[in-house]
Amino acid sequence: MRGLWVRFVTLWVMLGAMAAGSATAQPLPPMGRAPHLAIRLVAESDRPAAGSTVTLALDTRPERDWHGYWSNPGDAGFPATLDWTLPAGVTASAPVYPVPGTLLIAGLMNYVFERPYAPLVTLSVPAGLAAGTRLPVRLKTNYLVCTKTLCVPESAALALDLVVGDGAVRPADRARFDAWRRAIPKPLDTKATWQVMDGVATIAVPYPASAPLADGYFFPKTNAIDNAAPQTIARDGDRVLVTTKAKSGGQPLDGVLRVGPDLALAVTALPGTVAGATGGGTGVWLAAFLAFAGAVLGGLILNVMPCVFPILSIKALSLARGHLDERAARREALGYAAGVITVCVGLGALILALRAGGNAVGWAFQLQDPRVVVLLLLLTVALALNFAGLFDIPTPRFVGSSGGVSGAFATGALAAFVATPCTGPFMGAALGAALVLPWAAALAVFAGLGLGLALPFLALGFVPALRRRLPRPGAWMETFRHVLSVPMWLTALALAWVLGRQAGVDGLTLGLAGALSIGLLLWLSGRRQRRGLPFGPIATLALAVVAVGAAALVQRAPASAAAVAEGEGFSAARLATLRAEKRPVFAYFTADWCVTCKVNEAAAINTAATRDAFERNNVAVLVGDWTDGDPVLGRFIEAHNRAGVPLYLYYAPGAAEPQVLPQVLTPGLLAGLGA
């Protein structure tokens, strides 16, 4: 009601301005004269096929110095209303408009069309209609047409007679409609992000750095930003940043980003965190530094994870043997660090490239594919058997002492690759920030993760005093190596469970069969090595065949319709319903391959104390399972400045934004929600 009142007052203000400036005013059009906005209803095909759709165009041509309005007219005017009369079963979609222009009058921003334009409507024809059936289409439209000083309400009664046929389109009609379609904003598959801080709205729209950008402007479809406020359009790597004055925040923002003459993108921006633009400011580099520090800390934590600690320990004990001089120890440390950092930066660059192409992927995205999981399973089994002493890995060695720099590099690369499921609790925010930073800063964050992972071995290689504190060589080292096979077997067990969740019983059976085959081949090769014979090229080829065959044969199991054990499955619609009911909501996002997620679920979420507290406080629980890389969940996670799981959100009743909870949960923290 308030919006209608504002527009009514605005109309009278414009009429008053016309009266005050009678030298430029134009009289009302006389009765019976032609409309100022000439509209024709045109069909792409006048013989649409039954069960198909046909595009209709409202071919609109404003009189000189007059303009019509966009679906969001801005601060004044109102959009056209369409009242259809259609045959039974025929339906018409909402109109889609070309990109409008801007017209600022007396501090009021109007979104208008001053040149010919054509909103498009999709007409759906029901199936089963006989050829030759007449389809009379009638439209009554009311609209406002204005000059800079005068507004006149007009109406038009339009008619179109179609006949059910073969759906053929004449070449001239196809060319005309293709031209109209090119003027319609193209949908952007990747969700944008926007945030409001201190009354300033910042909208980050994914857009390739190599794509042209001219005369940029953001047209909102909802009343969330100040239409008349100036907009700053800035390029920041593979995104466009729009900065303007906000009216409200905390809800999705739909709009159109103009990127060139008659060229625009239809954008949906979800509320989230937007890193500042570059261009000499210190904000983005401060954010990059903090993300880099967080990534280094996260990399350090990864060293104690069961999938990394055995590899690091074996490498460290190789230095304890004292067979390397200072220079050789440093070279091995640098080789190990180079392998770790190369894999981390390579995975980061691949993630950024995939996201620039419209894919909602995050850290450890490769584990969403069961083929990668089965390869990791076979590799982990092989490493566990190596630690157990069944065989020795031939040069260049992945573990051990005689591989030189190449072996150290391979060991580091292996450690970084198998570390991805063991996401540390301090890595989420850092890697999430990397995804909204410029490319150079983002890659530096991924390099920081690798540096943190490599730091312990770098310290051993460059600080002789630390090496002297290592235990003296002895028979115990072989026993310790055998003990280290236990965490590798635990890692293999976890990967087998993930494979079973992704590929079902058949996929798990295939993975276990591959592990058995790998074990037999390595046992035979180990016997050869104990007789003084080489590992053998035939054994190497057989191992490769087993690994490639298992990866090629495993397939993702059909999605299960089973209910989530602890809470409802997450959806944006269900979240909106619960928030409208003023219920507190705990939403968490997890994956079967995420070690931190599973520890939190066992220790804090899926406990009797937490369930009782949630029931007592009427807290609804929504669970987003990202095991298979659901792109919808991926975009939601991205909107909350996270590169992957875990993500824990608490929505207090009436709060505009959720509270992002720590990545290490405790039962006491969860019990206090909703209290």
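Salt bridges first. The count here comes to 17. The rule is a side-chain nitrogen of Lys or Arg within 4 Å of a carboxyl oxygen of Asp or Glu. Keep in mind that this is a predicted model, where local features need pLDDT of at least 70, side-chain atom pairs count only at pLDDT 80 or more, and totals for chains, interfaces and linings use all residues. Residues are numbered from 1 along each chain as its sequence is written, and side-chain values use heavy atoms, with hydrogens and water left out.

Start with aspartate 59. Its partner is arginine 61, and their closest N and O atoms are 3.3 Å apart. Buried or exposed? For these words I use relative accessible area: buried is under 20%, exposed is over 50%, and partly exposed lies in between, with a 1.4 Å probe and protein chains only. Aspartate 59 is buried, at 3%. Arginine 61 is partly exposed, at 46%.

Next, aspartate 161 and arginine 134. This salt bridge has its closest N and O atoms 3.6 Å apart. It links distant parts of the chain, 27 residues apart. Aspartate 161 sits in strand β10, residues 151-163, and arginine 134 in strand β9, residues 134-146. Strands here are DSSP runs of E, at least two residues; helices are runs of H or I, at least four; both are numbered from the N terminus. Aspartate 161 is partly exposed, at 44% relative accessibility. Arginine 134 reaches 53%, and that counts as exposed.

Now to helix α16, residues 608-616. Which residues of α16 are buried? Thr610, Ala613 and Phe614. They lie on the same side of α16, because they cover an arc of only 100 degrees around the axis. That arc is taken from the directions from the helix axis to the C-beta atoms. The background is simple: an α-helix has 3.6 residues a turn, so residues three or four places apart point the same way.

Turn to the other side of α16. Glu615 and Arg616 are exposed there.

What covers the buried residues of α16? The cover includes β20 (585-590), α15 (595-605), β21 (620-625) and α18 (667-671). Contact means heavy atoms within 4.5 Å.

One last stop. Just after α16, asparagine 618 takes a positive phi of about 60 degrees.
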